[in-house]
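Please read this briefing beside the sequence and the coordinates.

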Amino acid sequence: LDDPRAIASATTILGDVQYKEGDLVTATETLDRAVGLWRDLGDTYGLAEALRFAGMTSLFRGRMADAGASIEEALALFRSAHDLRGEAWALQNLAWLSFIEGEYATAEKRLTISAEKFAEIGDWGGVSWALGLLAWVRFTQGHLEEARELAVRMEQEARELGNRWAGAMMNVLLANIGLWSGDPETAIHQARAALEVFRGLADPWGELQAMAPLILGLTVSGEYAQSQALVDEIETVGFAVLDETMSRFPLMVRVSIAIMAGDAQAYQLAREHLGDLAGQRFVNDEQRMLLGLACLQHGDVGDAITLLERAREIALGAGSDAATNVAYAMALVAAGRSEEALLVCAETEDSLVTYVDRLRHALARAFALARTGDIAGADEEMTNALTAIDATSARLDQAVTRLAAAALWGSSARGEAAAAEALNLLHRSALAPAGWERLFRLMAGDLNRRS
């Protein structure tokens, strides 16, 4: 009790435990004390470790500037002490910060160097951590196959190392890859595997990560009632997570599935939960995209265009950018600005990654082509969209595509057939996608009246 170094060490350990248990407010106070104690002692290594832990705590509280300052100082101290392991961990922590802020090239560079440092000292667990986060970066950049290969490899290594948490995070990544590749069955399976591990570890933050692709996967499969019930659960779990960067996460999931399903309540939910756009930039772009889509489904085309134009201005260069651009193209069609919509589609085509983005891109083009008089081109685009979506197991989007076809083709025989097929697909799920039907009517404009 009389040894200042022992007190500083114990304070740092306590702060790290509090951080890992999710008590971020208390962890911040404890680690601030630890930093002060190590500064007074002039101990480089102890100060660097306390700063690194304090930085990660700030990161999970959404205090990005504080996180960056603390971890950058820790990195400089580790380098001055020639501590390769500490340097590698600080680089990995800074890479996480870069990843969250959308600076994917910087995150990639830092992770590559971190993995090299870990390999240099023979810390293969550290290498796995670095490459696991790199897999998430690849996924966010849209390199799904490369991300999948890395995730499978890292999941296997995590099992060999006995690191259940890291393995579960790779299962979450594989669930997300399956989801956005049009394979909701894989998404559900991988998410449930991860969820079981996180619950066993009593980790509510991990539970949230696993429940998101599980909920979305069930929605895409047409199991909307099940996914809604799980959103109630995810909000309860969210109360146990003091990570302020995740404060909107359950709400965004609730709004996301409502929009995916074309729920009549989507607009009200979006206004209620996402109307306040204050917060971190990496949240705002997706918030605005979701709110813009909700406005479109509600019929507020002008508001949708305003929101989506702003989302495009602050886009991060990956992630939801393609989704925002595609939603903007759909809004332009609904506003009767089809030539502009086709230009946006042309600019966006090379950045499409997920099956959802490709589908909505095709629908925007089909309606835009029809409204500019290219009926043959519109028919071909819609037929190709139907073929592509039927190659997935995304039952909800198979139905939504047929609703789009019915709006495009009107009261013709094939239009009525498409509408009947949509009803058949939706019968088992008890879905009523009123929002999509309203949007497709807006996108069709006076096509059917002219025909």
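Which residues does arginine 402 touch, not counting residues up to four places away in sequence? Arginine 402 touches Leu386, Asp390, Ala418, Ala419, Glu421, Ala422 and Leu425, where contact means heavy atoms within 4.5 Å. This is a predicted model, in which local features need pLDDT of at least 70 and side-chain atom pairs count only at pLDDT 80 or more, whereas totals for chains, interfaces and linings use all residues. Residues are numbered from 1 along each chain as its sequence is written, and side-chain values use heavy atoms, with hydrogens and water left out.

**Individual buried residues**

- Arginine 402 is found in helix 21 (residues 395-409), helices being DSSP runs of H or I with at least four residues, numbered from the N terminus.
- Because its relative accessibility is 11%, arginine 402 counts as buried (buried means under 20% relative accessible area, exposed over 50% and partly exposed in between, with a 1.4 Å probe and protein chains only).
- Threonine 30, in helix 2 (residues 24-41), counts as buried at 1% relative accessibility, and touches Thr11, Leu14, Gly15 and Gln18, not counting residues up to four places away in sequence.
- Tyrosine 328 lies in helix 17 (residues 321-334) and counts as buried at 7% relative accessibility.
- The C-alpha atoms of tyrosine 328 and alanine 304, which are 24 residues apart along the chain, are separated by 8.0 Å.

**Nonpolar core**

- The largest nonpolar core has 158 residues, and those with the most contacts inside it include Trp136, Leu296, Met330 and Phe440; such a core is a set of buried Ala, Val, Leu, Ile, Met, Phe, Trp, Tyr and Cys residues joined through side-chain atoms within 4.5 Å.
- Among the residues that methionine 330 touches, not counting residues up to four places away in sequence, are Leu296, Trp436, Leu439, Phe440 and Met443.

**Helix 23**

- The buried residues of helix 23 (residues 434-444) are Gly435, Trp436, Leu439, Phe440, Met443 and Ala444.
- These residues lie on the same side of helix 23, because they cover an arc of only 165 degrees around the axis, the arc being that of the directions from the helix axis to the C-beta atoms.
- Just after helix 23, glycine 445 takes a positive phi of about 60 degrees.

How values were computed: Helix = DSSP H or I, 4+ residues; strand = E, 2+ residues; numbered from the N terminus.
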